[in-house]
Amino acid sequence: LASGSGDRTVRLWNVADGQCLKTLHGHSSLLTSVAFSPDGTNLATGGEDRSVRLWEVSTGSCIDLWQGYGSWIQSVAFSPDGQTLASGSEDKTVRIWQLGDARSSATSRTFTGHQGWVCSVAFSPDGKHLASGSSDYSIKLWDVLTGQCLKTFQGHSRWVGAVAFSPSGLTLASCGGDYTIKLWDIITGNCLQTLSEHTGWLWSVQFSPDGMMLASASEDKTIK
């Protein structure tokens, strides 16, 4: 398990016994997002120091760094094949890196269209699409290859703090500042269901591997 915090460190934990295995130093400000690569060998982190860092899990060394965006990094996510990294930031953009084997020479592309901070990014299970949630109250669905915005989902009444695809890739979950979770049909763009049991802001939502359950975490101090 990886965690980032306000003390500017990344910590790696043994889930079985709760012991801290490594503490990674390098960021100069609060960390806002951490994400493992699918094979577990690398970890991506982003934070208020306006940088994205890529770490080698086995050694704890920083193997790459992208910085100087002029804004906080709000979210980072790997594609299912581990060859692409996405980030969302305060400058209202989504950035995509094609990592390949030569990580130090990774090239980036920028997707624009949101009118507020990009708070969360998530790849579809097939890696062809990327969802982004924003402080402009919307979710956008992007074609990763072309950068085209395929759909905009509207329905939240405040910022969207997290997005997550179901394992089938046909349903998207979103949550945020209006205390609700919404489930969306990717094909039609329709809202399938609104879950409103929380009484505080929501920061995280995730499907179970079989897609039959959904977990959410909120500032009301509960996980549901």
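View 1. By class, the lining of the second largest pocket comprises 3 nonpolar, 4 polar and 5 charged residues, where Ala, Val, Leu, Ile, Met, Phe, Trp, Tyr, Cys and Pro count as nonpolar, Asp, Glu, Lys and Arg as charged, and the others, Gly among them, as polar. Its lining includes Asp81, Arg109, Asp126, Lys128 and Asp143, and its volume is about 150 Å³. On a 1 Å grid over the protein atoms alone, a pocket is an open set of points where a 1.4 Å probe fits, with protein on both sides within 12 Å along at least five of seven lines, and lining residues have an atom within 4 Å of a point. This is a predicted model, in which local features need pLDDT of at least 70 and side-chain atom pairs count only at pLDDT 80 or more, whereas totals for chains, interfaces and linings use all residues. Residues are numbered from 1 along each chain as its sequence is written, and side-chain values use heavy atoms, with hydrogens and water left out.

**View 2. The largest pocket.** The largest pocket holds about 1100 Å³ of space, a volume being the space filled by probe spheres set on the grid points, which are joined across faces, edges and corners. Among its 36 lining residues, Ser33, Val34, Ser75, Ser120 and Ser204 are the closest to its centre. The lining divides into 24 nonpolar, 12 polar and no charged residues, and β4 gives the most to it, with 6 residues.

**View 3. The open sheet β12-β13-β14-β15.** The 4 strands of this open sheet pair antiparallel in the order β12-β13-β14-β15, strands being DSSP runs (E, at least two residues) numbered from the N terminus and pairing if DSSP finds at least two bridges between them. Strands β13 (residues 129-134) and β14 (residues 138-143) are joined by 5 bridges, and Ser132 has Lys140 in β14 as its bridge partner.
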